[in-house]
Amino acid sequence: MTAKSDLLKFAIKTAKEAGKIHMSYFGNISSLENKSTNIDLLTNADIESEQYILKSIQDKFPHHSILSEEQPELKKNSEYIWIIDPLDGTTNFVHQLPVFSCSIGLKKNNETILGVVYNPAANKCFYAEKNKGAFLNDKPISPTSSDTLSECLLVTGFPYKHDEKYDLLFSIFKDFYDITRGVRRLGAASLDLCFVAMGRFDGFYEYGLMPWDVCAGEIILKEAGGIISDWNGANKHPSDCSRVLASNKFIHKEMSDILLNEKYKIFIDQNNSE
Ligand code: IPD
Ligand code: CA
Ligand code: CA
């Protein structure tokens, strides 16, 4: 393992402190609100952990920009931007399922240079830096080598908005379910990506994610040796997370072929998530 940069050390320390805030509220939530829909939840743990992270960054790197889920983007004239989901998996958190994380990514000149995804309930800290490999609690991780979907376990997620694409997403789920060992829905996209990176799942797809769901997990997966793209296999634009396909790389084409079925054209025809 090469030495961690000071930026990575800071990101890990900050994610772990945010995780302590999560755990202080786990099973003990004193405030619960709805956001975009009545299933899109916000707790005091989301807010307080975000405040802690933002303050830590602003104290240490006052010139850096910050994009964090629950706040308007803080734009500075800087080559650095932090991309943060203070609590990914809020619904799990509310229901006391220990599958949630703090996700912190850092981009320099629009390229992600590091990512940390910390799951405090299991004390699992995933991290990666550009060209330095990916790690879980300081041990290197890598994806599976399964090369056929019939031997694979996948993971996915569903958007909060139940619009005209909702039924189609279940049709996609069934298509994959029919030809794999199963498809799980864990409820924290950042951890879904890390679990592909460490070989628990062989692949992941989702529609309608946001940069803070994906930024840190994306570099962790890539550094572990997996790949992430648009559903059509093309490199995805860093800020466009509307159609995310991630895998161990060997099953990528097989997964993409299913997602590109004519039945699912509506997802491909539009450019932005809603
Ligand atoms: C959500 C989770 C979930 C995914 C949703 C996300 P949140 O993030 O990552 O797995 O399916 O699309 O919005 O709201 O818990 O931060
Ligand atoms: Ca999220
Ligand atoms: Ca969140």
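User: What spacing along the chain do the donors of the calcium ion (ligand 2) follow?

Analyst: In this predicted model, the spacing is D-x2-D-x124-D. The protein donors are Asp85 (OD), Asp88 (OD) and Asp213 (OD).

User: What makes these atoms donors of the calcium ion (ligand 2)?

Analyst: For Ca, an O atom within 3.2 Å of the metal is a donor. The atoms of Asp85, Asp88 and Asp213 lie 2.1 to 2.3 Å from the ion, so they meet that cut-off. Asp88 lies in strand β4 (residues 80–88) and Asp213 in helix α6 (residues 211–224), so the pair ties together parts that are 125 residues apart in sequence.

User: Why does Asp88 count as buried?

Analyst: Buried means under 20% relative accessible area. Asp88 has 6% relative accessibility, so Asp88 counts as buried. With 10%, Asp213 is buried too.

User: Which residue coordinates both the calcium ion (ligand 2) and the calcium ion (ligand 3)?

Analyst: Asp85 coordinates both, and the two ions are 3.8 Å apart. The calcium ion (ligand 3) is also coordinated by Glu69 (OE) and Leu87 (O). Both Asp85 and Leu87 are buried.

User: Why are α1 and α2 called roughly antiparallel?

Analyst: Angles over 145 degrees count as roughly antiparallel. The axes of helix α1 (residues 6–25) and helix α2 (residues 44–60) cross at roughly 155 degrees, and the two helices are therefore roughly antiparallel to each other. The axes come within 9 Å, and the crossing is right-handed.

User: Which kinds of residues make the contact of α1 with α2?

Analyst: The contact residues divide into eight nonpolar, five polar and three charged. Among them are Phe10 and Ile21 of α1, and Tyr52 and Lys60 of α2.

Technical notes: Residues are numbered from 1 along each chain as its sequence is written. Chains are lettered from A and ligands numbered from 1 in the order in which they are written. This is a predicted model: local features need pLDDT of at least 70, side-chain atom pairs count only at pLDDT 80 or more; totals for chains, interfaces and linings use all residues. Side-chain values use heavy atoms; hydrogens and water are left out. Donors are N, O and S atoms within 2.8 Å of the metal (3.2 Å for Na, K and Ca); water is not among the atoms, so sites may look incomplete. Buried means under 20% relative accessible area, exposed over 50%, partly exposed in between (1.4 Å probe, protein chains only). Axes are lines fitted to C-alpha atoms, for helices over the stretch in contact, and angles run from 0 to 180 degrees between N-to-C directions. Helices (H or I, at least four residues) and strands (E, at least two) are DSSP runs, numbered from the N terminus. Angles under 35 degrees count as roughly parallel, over 145 as roughly antiparallel, 65 to 115 as roughly perpendicular and the rest as oblique. A crossing is left-handed if the near helix is turned anticlockwise from the far one by less than a right angle, and right-handed if clockwise. Contact means heavy atoms within 4.5 Å. Ala, Val, Leu, Ile, Met, Phe, Trp, Tyr, Cys and Pro count as nonpolar, Asp, Glu, Lys and Arg as charged, and the others, Gly among them, as polar.
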